[in-house]
Amino acid sequence: QISFLERRVGCFIDQSADLDLQYKFEDKYDYTIEECVLACKSKGSISFKYFGLSNGGTCWCSSSFGSHG
């Protein structure tokens with residue numbers, strides 16, 4: 001069991017030309033929440049703090065969020 005939902009931020013509408021979460025995992029498009037968390041926490045030397053899923057399972061990560069309010 002992964003303990004990752006210490007504080008849920010919520011759901012947001014993103015700007016297609018200026019995405020809030022900046023790194024997209026391109027290896028597959030059916031990530032579960034748990035898989036996306038693990039992927040974001042273990043991306044090379046970077047450990048992203050935030051993650052999100054879009055379009056039914058595309059995994060996105062970033063070190064910050066909230067650029068669109």
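A disulfide (a pair of cysteine sulfur atoms within 2.5 Å) joins Cys 36 to Cys 59. It is one of two found in a search of the whole structure; the table lists both.

| Disulfide | S to S | Torsion about S-S | Hand |
|---|---|---|---|
| Cys 36 to Cys 59 | 2.1 Å | 85° | right-handed |
| Cys 40 to Cys 61 | 1.7 Å | about -75° | left-handed |

The model is predicted: local features need pLDDT of at least 70, side-chain atom pairs count only at pLDDT 80 or more, and totals for chains, interfaces and linings use all residues. Residues are numbered from 1 along each chain as its sequence is written, and side-chain values use heavy atoms, with hydrogens and water left out.

Helices (H or I, at least four residues) and strands (E, at least two) are DSSP runs, numbered from the N terminus. Cys 40 is buried at 2% relative accessibility, and Cys 61 is buried at 0%. Here buried means under 20% relative accessible area, exposed over 50%, and partly exposed in between (1.4 Å probe, protein chains only). Cys 36 and Cys 59 are both buried. Counting bonded cysteines along the chain, the disulfide pattern is 1-3, 2-4.

The whole structure holds three aromatic pairs. Rings of Phe, Tyr and Trp (its six-membered ring) pair if their centres lie within 6.5 Å; planes under 30 degrees apart count as stacked, over 60 as edge-to-face and the rest as tilted. One of the pairs, Tyr 23 and Phe 25, is edge-to-face, with 5.0 Å centre to centre and 80° between the planes. Phe 25 also pairs with Tyr 31 in a tilted arrangement, at 6.0 Å and 55°. Tyr 23 is partly exposed at 29% relative accessible area, while Phe 25 and Tyr 31 are both buried. Together with Phe 48, these three residues form one aromatic cluster.

The charged end of Lys 28 sits over the ring of Tyr 31, 5.0 Å from its centre. For this contact, NZ of Lys or CZ of Arg must be within 6 Å of the ring centre and within 35 degrees of the ring normal.

Asn 55 is in the loop between strand S2 (50–54) and strand S3 (58–62). Asn 55 has a positive phi of about 50° although it is not a glycine, and its relative accessibility of 76% makes it exposed.
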